[in-house]
Amino acid sequence: VQLQASGGGLVRAGDSLTLSCAASGLTFEMYAMGWFRRAAGKEREFAVGISRHDGNTEHANSVKDRFTISRDNAKSTVTLTMNSLKPEDTAVYYCAAQHRGRYDTRVSTRDSDYKYWGQGTQVTVSS
């Protein structure tokens with residue numbers, strides 16, 4: 001299984017950035033997908049997640065109304081669109097996959113519930 005995250009970079013506060021995660025080696029539609037982030041010196045934290053069938057999303061309060069997640073099951077990709085970026089959004093962003101039952105639309109915010117992880121992509125927001 002491989003989760004390949006891309007799209008990170010250096011932007012200014014207020015800018016937008018889009019991250020992508022391409023999954024391979026797993027049946028993508030059987031997994032809820034999440035984006036986590038780890039800022040320097042801090043623990044990894046949940047940012048946003050999406051259920052198997054694109055009908056349910058979860059957002060951390062810190063990114064609500066600014067970050068949007070979507071998925072394309074046909075392409076096995078999940079996308080994170082980040083708007084109105086703030087310096088405190090600076091972190092390494094990781095995509096992760098959590099297996100869910102066929103009719104399970106839940107999205108966990110706990111990193112321990114995610115089985116597969118990508119390598120991370122750096123997002124730096126300057127003030």
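Colleague: Leaving aside its neighbours within four places in sequence, which residues is Arg38 in contact with?

Modeller: Contact means heavy atoms within 4.5 Å, and by that rule Arg38 touches Glu43, Arg44, Ala91, Val92 and Tyr94. Please keep in mind that this is a predicted model, in which local features need pLDDT of at least 70 and side-chain atom pairs count only at pLDDT 80 or more, while totals for chains, interfaces and linings use all residues. Residues are numbered from 1 along each chain as its sequence is written, and side-chain values use heavy atoms, with hydrogens and water left out.

Colleague: Where does Arg38 lie, and why does Arg38 count as partly exposed?

Modeller: Arg38 belongs to strand β4, residues 31-38, where a strand is a DSSP run of E with at least two residues, numbered from the N terminus. Buried means under 20% relative accessible area, exposed means over 50%, and partly exposed is in between, with a 1.4 Å probe and protein chains only. Arg38 counts as partly exposed because its relative accessibility is 35%.

Colleague: How many salt bridges does a search of the whole structure find?

Modeller: A salt bridge places a side-chain nitrogen of Lys or Arg within 4 Å of a carboxyl oxygen of Asp or Glu, and the search finds seven. In one of them the side chains of Asp89 and Arg37 meet at 2.9 Å, N to O, linking the loop between β8 and β9 to strand β4 across 52 residues. Asp89 and Arg37 are both buried. In another, Arg44 meets Asp111 at 3.4 Å, N to O, and this pair, 67 residues apart, links the loop between β4 and β5 to the loop between β9 and β10. Arg44 is partly exposed at 26%, and Asp111 is partly exposed at 28%. Asp104 and Arg100 meet at 3.3 Å, N to O, and both are buried. Salt bridges with shared partners also join Arg37, Glu45, Arg66 and Asp89 into one network.

Colleague: In what order do the four strands form an open sheet?

Modeller: Strands of a sheet pair through backbone hydrogen bonds, either parallel or antiparallel. Here the order is β1-β3-β8-β7, with antiparallel pairing, and two strands pair if DSSP finds at least two bridges between them. β1 (2-6) and β7 (67-72) stand at the edges with a single partner strand each, so one side of each has no neighbour in the sheet. Six bridges join β7 to β8 (residues 77-82), and the bridge partner of Phe67 in β8 is Met82.
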